[in-house]
Amino acid sequence: MAEKKQAFVTGYPIKHSRSPLIHGFWLREYGLQGSYQAMEVAPEDFASFAKTLAAQNLVGGNVTLPHKEEAFKLCAKLDDAAKAIGAVNTLWLENGELCGSNTDAYGFAANLDALAPDWDKADTALILGAGGASRAIIHALKERGFKTISIVNRTLARAEELVRHFKSDEVAITAHEWAEADALVPSAGLIVNTTSLGMSGHGENQEFPLDLSKASHQALATDIVYVPLETGFLKKAKTAGLKTADGLGMLLHQAVPGFERWFGVRPEVTDALRAHILEDMAK
Ligand code: ATR
């Protein structure tokens with residue numbers, strides 16, 4: 001019998017991760033011998049954890065906060081997305097060497113491909129927030145040929161740092177204070193909330209501070225937050241008549257490339273998988 005492949009998700013803390021549910025669902029769905037476990041690793045222990053995957057009988061796994069930048073530094077090989085984003089969320093071994101990818105940009109784009117296939121026909125995007133998730137989304141938008149990307153952030157310096165990191169001849173990227181956000185709405189074909197505003201426990205009952213009444217009716221609004229599924233931002237976008245895509249899809253799609261690497265089957269994001277995660281979220 002083939003040896004049971006063991007993969008992991010690590011973070012600190014990690015108990016809220018939904019990744020074990022996603023990969024566990026696929027392992028059962030495809031009848032594979034394998035496991036996927038949450039493993040809490042403190043920041044000071046992460047380097048030794050990552051360098052000894054083979055000794056721990058692990059084929060690879062996912063990395064979440066606060067280890068994504070450290071994982072990036074430890075990899076001997078990185079794919080283009082990881083290099084561009086500067087953070088790693090997926091690890092595996094090749095000839096004993098630690099390899100890393102960042103599948104968040106893929107997950108973001110694949111989710112919109114599934115829900116709103118023409119989303120990348122727009123060429124102007126407005127991104128709210130300048131944290132780690134924002135980096136992955138900017139990379140995805142550049143890959144999909146967006147020509148104008150405006151980044152709004154409470155702390156302007158963080159948005160300016162992303163502008164320096166991602167600027168190129170192909171795309172105009174600019175940083176803005178929140179006070180300028182309303183004025184950037186009408187020209188945007190895609191509006192993405194990457195801030196934690198509206199996340200459960202972060203003012204989800206307050207009105208989202210952006211005027212969407214002048215948004216283009218073709219515009220698509222999407223949030224990376226998925227608890228709650230309908231964030232204040234998405235609620236407001238729906239009221240304004242925009243198309244919307246919630247954040248759960250990105251979480252499900254970003255898991256696909258890792259599962260394929262570790263277990264050898266490219267899994268599908270299905271309604272049944274989504275229902276399985278929603279059922280857990282309702283608990
Ligand atoms: P992630 O890696 O998930 O993107 P993060 O790096 O903590 O998380 O970034 C959170 C984002 O939400 C940041 O853009 C943050 O703005 P700052 O850079 O100014 O901190 C934004 N954010 C969080 N709380 C906010 C608030 N009350 N108002 C506006 N923006 C907020």
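**Note on the cavity, the ligand site and the backbone**

1. The largest cavity is lined by Phe108, Asn111, Leu112, Thr222, Asp223, Ile224, Asp246, Gly247 and Met250. Two elements, α5 (104-115) and β11 (220-223), each give two or more residues to this lining. The largest share, 3 residues, comes from α5. Helices here are DSSP runs of H or I with at least four residues, strands are runs of E with at least two, and both are numbered from the N terminus.

2. The model is predicted: local features need pLDDT of at least 70 and side-chain atom pairs count only at pLDDT 80 or more, while totals for chains, interfaces and linings use all residues. Residues are numbered from 1 along each chain as its sequence is written, and side-chain values use heavy atoms, with hydrogens and water left out.

3. How many cavities of 30 Å³ or more does a search of the whole structure find? The search finds 1, and the volume of the largest cavity is about 30 Å³. On a 1 Å grid over the protein atoms alone, a cavity is a set of points where a 1.4 Å probe fits but cannot get out; a pocket is an open set with protein on both sides within 12 Å along at least five of seven lines; lining residues have an atom within 4 Å of a point. Points are joined across faces, edges and corners, and a volume is the space filled by probe spheres set on them.

4. The cavity lining divides into 4 nonpolar, 3 polar and 2 charged residues. Ala, Val, Leu, Ile, Met, Phe, Trp, Tyr, Cys and Pro count as nonpolar, Asp, Glu, Lys and Arg as charged, and the others, Gly among them, as polar.

5. The space taken by the ligand is the largest pocket; a molecule sits in a pocket if more than half of its atoms lie within 2 Å of the pocket's grid points. This pocket has a volume of about 1700 Å³. It has 48 lining residues, and the closest to its centre are Thr64, Leu65, Ala133, Met199 and Ile224. Elements giving two or more residues to the lining are β3 (60-63), α3 (68-74), α6 (132-143) and α10 (248-254). Of the elements, α6 gives the most, with 5 residues. The pocket lining holds 20 nonpolar, 20 polar and 8 charged residues.

6. Which residues surround the ligand? They are Gly129, Ala130, Gly131, Gly132, Ala133, Asn153, Arg154, Thr155, Arg158, Thr195, Ser196 and Leu197, where a residue counts if one of its heavy atoms lies within 4 Å of the molecule. This shell divides into 3 nonpolar, 7 polar and 2 charged residues.

7. Polar contacts are pairs of N or O atoms within 3.5 Å. An oxygen atom of the ligand lies 2.6 Å from an N or O atom in the side chain of asparagine 153. A polar backbone atom of alanine 130 is 2.9 Å from a ligand oxygen, and one of alanine 133 is 3.2 Å from a ligand oxygen. On its own the ligand has 650 Å² of accessible area, of which the protein covers 70%; the areas come from the Shrake-Rupley method with a 1.4 Å probe.

8. Some backbone points remain. Tyrosine 12 and proline 13 are joined by a cis peptide bond with omega about 5°, and proline 13 is in the loop between β1 (5-11) and α1 (19-29). A cis peptide bond also joins valine 227 and proline 228, with omega about 5°; proline 228 lies in the loop between β11 and α9 (232-239).

Terms used: A polar contact is a pair of N or O atoms within 3.5 Å; within protein, one must be able to donate a hydrogen and the other to accept it, and residues adjacent in sequence count only if both atoms are side-chain atoms.
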